[in-house]
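This report goes through a metal site and a ligand site. The sequence and structure come first.

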Amino acid sequence: MHRKLERNDPCWCGSNKKYKHCHMQFDEKIRAFALEGHLVPDHGIIKTPEQIEGIRESGKINVAVLDYVAANIRAGMSTGEIDRMVEELTRQNGAIPAPLGYEGFPKSVCTSVNDQVCHGIPSDSDILKEGDIVNVDVSTIYRGYYSDSSRMFIIGQTTPEKEKLVRVAKECMEAGIREVKPWRFLGDMADAVNRHAKENGYSVVVDIGGHGVGLEFHEDPFVSYVAPKGTEMLMVPGMVFTIEPMINAGRADIYIDDENGWTVYTQDGKPSAQWEVTVAVTQDGCEVLVW
Ligand code: MF3
Ligand code: CO
């Protein structure tokens, strides 16, 4: 049996406050959106301040690992070496690389070069060369909390085309971050990302998106970067998710390598770029927890 939470009951969030002094109005506001037909978050994906602090701490390690990669990545290095750097530094910090063994993923980080869109598997036989653009996607588990972020690196000098793609992909992520506000929709964020990509003649990958994150690696909701304004889930304070649009220089179509079952490539062989942050929706906007 499931009784409706009454005004004087303890709040569901674990604050030990009475419901009426804690999340009652919050729930009523969400319910009004649901009645209008909008997709709304359930309590399970709303984080407490303590949980957000845990993700923030995990994120500090994630950022330190990416900073270390940034300082060391260079032409002639294999992506396998990047994997070892990531695993070593993560463990030195008392943390665990989240990708390792995740649904059978064999390495500690994803490295995706040029026309690889995401989920590239590091290898000692893949050597970075001058002009490559590479996404390094780092995810950390620290004291049970997950953080997730990625950056692009340009190896030496690249072409003006690839350089622009890397810059615009970052701007797309930033445009998305600016639209993360409570009581708006994930589609508002997606629309900002997609518009900036289109204005530059690029396309946004449809079939792979972002995700809630924090207590698990991949939580609800699925986060699209092509959805129209006013659609997708309502954003409310306490939601934590990634902004990680994959921007293709050519068409949005992709395929997965069927030899390894992981690496995603652009169908047309043109390059792709991606930057990723983890954000929390706050009372008046958003906080980038992991960059
Ligand atoms: N870090 C990736 C993401 O942003 C997750 C890759 S799953 C893995 O969602 F197993 F490949 F690591
Ligand atoms: Co992610």
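How far does a polar side-chain atom of Asp148 lie from an oxygen atom of ligand 1? In this predicted model, the distance is 3.1 Å.

## Cobalt site

The cobalt ion (ligand 2) is coordinated at 2.2 Å by Asp148 through OD, His211 through NE2, and Glu244 and Glu276 through OE. The ion has 6 donor atoms, and the angles among them run from 50 to 157°. Six donors count as octahedral if opposite donors are over 155 degrees apart and all others between 65 and 115; the site of the cobalt ion (ligand 2) is irregular. For reference, the ideal angles for six octahedral donors are 90 or 180 degrees.

## Donors in the chain

The donor residues of the cobalt ion follow the sequence spacing D-x62-H-x32-E-x31-E. Asp148, in strand 5 (residues 145–154), and His211, in strand 7 (residues 210–212), are 63 residues apart, and the pair links distant parts of the chain.

Are Asp148 and His211 buried or exposed? Asp148 counts as buried because its relative accessibility is 2%, and His211 counts as buried at 6%. The cut-off for buried is under 20%.

Definitions and conventions. Residues are numbered from 1 along each chain as its sequence is written. Chains are lettered from A and ligands numbered from 1 in the order in which they are written. This is a predicted model: local features need pLDDT of at least 70, side-chain atom pairs count only at pLDDT 80 or more; totals for chains, interfaces and linings use all residues. Side-chain values use heavy atoms; hydrogens and water are left out. Donors are N, O and S atoms within 2.8 Å of the metal (3.2 Å for Na, K and Ca); water is not among the atoms, so sites may look incomplete. Four donors count as tetrahedral if all angles lie between 85 and 135 degrees; four count as square planar and six as octahedral if opposite donors are over 155 degrees apart and all others between 65 and 115; anything else is irregular. Helices (H or I, at least four residues) and strands (E, at least two) are DSSP runs, numbered from the N terminus. Buried means under 20% relative accessible area, exposed over 50%, partly exposed in between (1.4 Å probe, protein chains only). A polar contact is a pair of N or O atoms within 3.5 Å; within protein, one must be able to donate a hydrogen and the other to accept it, and residues adjacent in sequence count only if both atoms are side-chain atoms.
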